[in-house]
Amino acid sequence: MDLKVDVKKNYGAFSLDMNFVIHGDRVGLFGPSGSGKSSLVGLISGLREPENGMIILDDETLFNSGNGVDMPSEHRRIGMVFQRPHLFPHLSVKGNLLYGFKRCSPDGRRITPDSVTEVLQLNHLLERGIRNLSGGEQQRVAIGRAVLSNPRLLIMDEPLSALDDRLKFQIIPFLRGVCDTFKIPYLFISHSLLEMRVMADQTLVIADGRIVDQTTTENLARGLMGESDAGYINLIRVRRSRRLDGLCAYKWGRQELLISSQNDQAEGLFELSSREIILFKRHPEAISARNLLECRVADIFEAGQRIGVEMDCGGERLIAEVVKEAANELSIRKGGEIFAAIKASAFRRLA
Amino acid sequence: MLNFTSYDYSAILLSLKVALTATLISLPFGFATAYLMTFKRFKARIILDIIVNLPLTLPPVVIGFLLLILLGRQGPIGNILFRMGIQIIFTWKAAVIATAVVGFPLMVRSIRTGMETIDKTLIDASRTLGAGRFDTIISIIAPLSLKGIIAGSLLMFARALGEFGATVIVAGNIPGVTQTIPLAIYEYTSSPGGDAMALMLCIISIVISVAVLVFHEWLAGRMERTD
């Protein structure tokens, strides 16, 4: 995706003035509620009209106030997944899924209903009315409906924020899976850094109707580490190997992590705050924390009053944070050896 | 009931015919007006709102008289129609126009109520899925405001059955030609010994109205179950 936007619009007390160029297929729009994220996607999708400016997607002008171009929303081929499913209540699951597909020109029907229902696991639901679906199923149908319109860009406007954490991480693999499988570039909108980390490679940061930063999502997370109460959230994807003494042993890179978990799933995604990791200069003889990892310092960065320590732990990356005095006492340097201790209960399962 | 004359039977049939025709003719206009007033923002909206709702507050006789001026042979519309060989005043068509005008605001209000319950994001969703404005109206807005459309049509039909004031002015009270049930009742009550017949026609009116209401309730219940 190659998106150029330079638009202005006044909403009374609030004004939107955005100018950016972005290349990439997994782009995030990050900012607090009311910052103008949804207003911006309304302009890009053609549902709202800017006062002036231009919007160019993949070298095609969607809007240009200079020469009066304003492509109607239905011709832009920009699919939308909204915060809530917003399924058509008078149509069945199948009717909803095929709504956009039927309106797509036959030569543009690259993505077919059979493939989408398979990826989104919707085959058994097709004849149902939408009122007989759970929240997660409804959102999957909404994703399928947008994907089946064969869009050249998919805009996901806070599609996870109405879901609880458990459901959120059930939906994420579908969102990612469907976009990866069918190679659909997307704009993912959220005020949650965690969601942004999982979904986007690059991020546009929005505040008060302006773009205030354009960076990689990883850099954004590192930069916000010092401001956030939760620190930097490490996302740890593991495979279960065995169970012992009320803990689960999971394979992570070349080592094993012991995690307090009642869940018996073979795979798991856990979050671990950078503040839950204790660093040691030398191997402590005995320690109550069940995980002691031998790591190498890959990078050191400052975030506010804190120092972020990026470590290579048996082929996996982990970020811990310490205050400056602690960093000095530990003599942390790039390439140096360090030990990271993590309690088994410090991990929180996401999926 | 056995004493009904052929004029009485034709009054009953004419009432049904006028009410049905007025409802069917008003439906597309009522839908379009409700759509404009629900989904469009334009400067003349308040004027449209007043014009549409005016028949609700005006005495039907006033509406009848205004229609008489408009549609009479010397009237701006009536004159053109007369030259084309079309006679409106004192025909059943005049009764249709009178009842359509009087019942129109009721129909628009019901359809609007139905349309206002539609989640606006559904309309946005349909547009981004490739549906144009007209397609969205047909495939999303019309089916989702069906309850309002049915309620509005039945309300207008019921109102049309009872229309008197405007009809008597533009269509007159010609037995067998423009005389509907209310006009026939009026004529019986003005004649000596006509009370019994007036009462019979009142019972017919009540039966038709109850049938319309029962049909509406049945349809609403059925739609509720299929939702």
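**Exercise 1. Determine how many helices and strands chain B has, and state the pattern that chain B follows along the sequence.**

Solution. Step 1: helices (H or I, at least four residues) and strands (E, at least two) are DSSP runs, numbered from the N terminus. Step 2: by this rule, chain B has 11 helices and 0 strands. Step 3: read along the sequence, the pattern of chain B is α-α-α-α-α-α-α-α-α-α-α. Step 4: along the principal axes, the C-alpha atoms of chain B fill a box of roughly 65 × 45 × 30 Å.

The model is predicted: local features need pLDDT of at least 70, side-chain atom pairs count only at pLDDT 80 or more, and totals for chains, interfaces and linings use all residues. Residues are numbered from 1 along each chain as its sequence is written, while chains are lettered from A and ligands numbered from 1 in the order in which they are written.

**Exercise 2. State which residues have the most contacts inside the largest nonpolar core.**

Solution. Step 1: a nonpolar core is a set of buried Ala, Val, Leu, Ile, Met, Phe, Trp, Tyr and Cys residues joined through C-beta atoms within 7 Å. A residue is buried if 20 or more other C-beta atoms lie within 10 Å of its own, exposed if 12 or fewer, and partly exposed in between, with C-beta atoms placed from the backbone. Step 2: the largest such core has 144 residues, and Leu154(A), Ala98(B) and Val170(B) have the most contacts inside it. Step 3: helix H5 (residues 92-116) of chain B supplies the largest share of this core, 14 residues.

**Exercise 3. Identify the side of chain A that touches chain B, and its elements.**

Solution. Step 1: two residues are in contact if their C-beta atoms, placed from the backbone, lie within 7 Å. Step 2: 17 residues of chain A are in contact with 14 residues of chain B. Step 3: helix H2 (73-76), strand E7 (78-81) and helix H3 (93-102) of chain A are the elements that give two or more residues to this side of chain A. Step 4: E7(A) gives the most, with 3 residues.

**Exercise 4. Describe how strands E10 and E11 of chain A pair.**

Solution. Step 1: two strands pair if DSSP finds at least two bridges between them. Step 2: E10 (residues 202-207) and E11 (residues 210-216) of chain A pair in the antiparallel sense over 6 bridges. Step 3: Gln202(A) has Thr216(A) in E11(A) as its bridge partner. Step 4: the hairpin has 2 residues between the strands, and Asp208(A) takes a positive phi near 50° there.
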